[in-house]
Amino acid sequence: MYLQQLSFLNFKNYSEAELTLSQGVNAFVGNNGAGKTNLLDAVHYLSLCKSYFNPIDSQQIKQGADFFMINGVFEKNGNKEVVACGVKRNQKKQFKRNKKDYQRLADHIGFLPLVMISPYDISIIIEGSEERRKFIDNVISQTDHSYLDELIGYNKVLANRNALLKQIADTGRYDPELLSIFDEQLVNSGTRIFEKRRAFMEGFTAIFNGHYRFISEDAEQVELKYESQLIENSLAQLLAKALERDRILERTTAGIHKDDLQFNIHGMPMKKFGSQGQQKSFLIALKLAQYTFLTQKNGFKPLLLLDDIFDKLDDGRVTKLMQMVSNNDFGQVFITDTSMARVKGIFDQINVDLKLFKVAEGSIDA
Ligand SMILES: Nc1ncnc2c1ncn2[C@@H]1O[C@H](COP(=O)(O)OP(=O)(O)OP(=O)(O)O)[C@@H](O)[C@H]1O
């Protein structure tokens, strides 16, 4: 599966762009603010129906324009797939495959799998647990549609239960029957989500460990661990035990919405004890594990988007990554960098099909 043609109109700092891509490595080189990351984001839209960076579609419309449009022609299993995404101000987003509108955007997720590695991923390490849950949920959802539905269902019941807890606190009235209905729904879907996350993390952690060891050449000991209250207790037990506290706090304090991932280096939290390069290596290994997982599940390689990947990595780690590129471990790759000399230097050493693009102030030249 790969993207053959990409074109867009009024997307972020671009008025118009049209490019024919290589099936191998596509490198986009230009100064800060030229529009390299924006271009990767256009590809992200075609795969996941949204921006990687900003959830508000209308903010991706070029300043002063009323709409943006992104078109992509993909090759998948010998078929041509034409995907189009259009956003007009104050209107619903349009998303089409082969000229047919999707009923639900969720139905497109996973059709053209993609993995993005970006400096913004640092939020997975330094921000709260929500970022890490989002990461696991994104990976599982790309291969399992029922997971996403289950998650949406769980969050709805959770919101209802929290509203009820608030109502109980406000009115002093307590309807145990309604609460037990919500609890039962929460237990059913929460337990299924937990089982899926636990099974996923078992295989995923082993893949991650292999990638980290390879990139760092075993330079340091790191650990990735799934944390959930449900590992020790059933959700029914947890909800019963937490009821009094939940009523005081007016929100549900037990459940899979409290799950987290622990990242350690030499037994200490990565967030506090990892260097910038070690944190970056950790994130790269995490994303490459996502790449391997999606490849194994789908039987074909996802698109790989590498934004500013060389910054902060030492030469040894860059060489290891490029070894993966030259070993044909990846399919189509999109890569951005600010230095033409660096990109040429790195790719001159390996034998890959490379197409270079120069990006300057919203225009792209091959
Ligand atoms: N809706 C928009 N309309 C116009 N310009 C926009 C819009 N959204 C973002 N931009 C502009 O896009 C530019 C940023 O582009 P981008 O992030 O792709 O740069 P980059 O080439 O990746 O830079 P760096 O090397 O610094 O990462 C900024 O100048 C920003 O103002």
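The protein in this predicted model has an average pLDDT of 95, and 100% of its residues score at least 70. For the complex, the predictor reports an ipTM of 0.97 together with a pTM of 0.93.

The ligand is surrounded by 18 residues, with N13, N32, K36, T37 and N38 being the closest of them. Helix α1, which spans residues 36–48, supplies the largest share of this shell, contributing 3 residues. When the shell around the ligand is divided by class, 12 of its residues are polar and 4 are charged, while 2 are nonpolar.

Elsewhere in the model, helix α4 (residues 145–171) packs with helix α5 (residues 176–216), the two axes lying 9 Å apart and forming an angle of about 150°. Because angles over 145 degrees count as roughly antiparallel, α4 and α5 are therefore described as roughly antiparallel to each other. The crossing in which α4 passes α5 is left-handed. On the α4 side, the contact is made by Y147, E150, L151, G153, Y154, V157, L158, N160, R161 and L164, and these residues meet L178, L179, F182, Q185, L186, S189, G190, R192, I193 and K196 of α5. The residues that form the contact of α4 with α5 comprise 11 nonpolar, 5 polar and 4 charged ones, whereas the shell around the ligand, as noted above, has 2 nonpolar, 12 polar and 4 charged residues.

Technical notes:
Residues are numbered from 1 along each chain as its sequence is written. This is a predicted model: local features need pLDDT of at least 70, side-chain atom pairs count only at pLDDT 80 or more; totals for chains, interfaces and linings use all residues. Axes are lines fitted to C-alpha atoms, for helices over the stretch in contact, and angles run from 0 to 180 degrees between N-to-C directions. Helices (H or I, at least four residues) and strands (E, at least two) are DSSP runs, numbered from the N terminus. Angles under 35 degrees count as roughly parallel, over 145 as roughly antiparallel, 65 to 115 as roughly perpendicular and the rest as oblique. A crossing is left-handed if the near helix is turned anticlockwise from the far one by less than a right angle, and right-handed if clockwise. Two residues are in contact if their C-beta atoms, placed from the backbone, lie within 7 Å. Ala, Val, Leu, Ile, Met, Phe, Trp, Tyr, Cys and Pro count as nonpolar, Asp, Glu, Lys and Arg as charged, and the others, Gly among them, as polar. pLDDT is the predictor's confidence in each residue, from 0 to 100. A residue is near a molecule or strand if its C-beta atom, placed from the backbone, lies within 6 Å of it.
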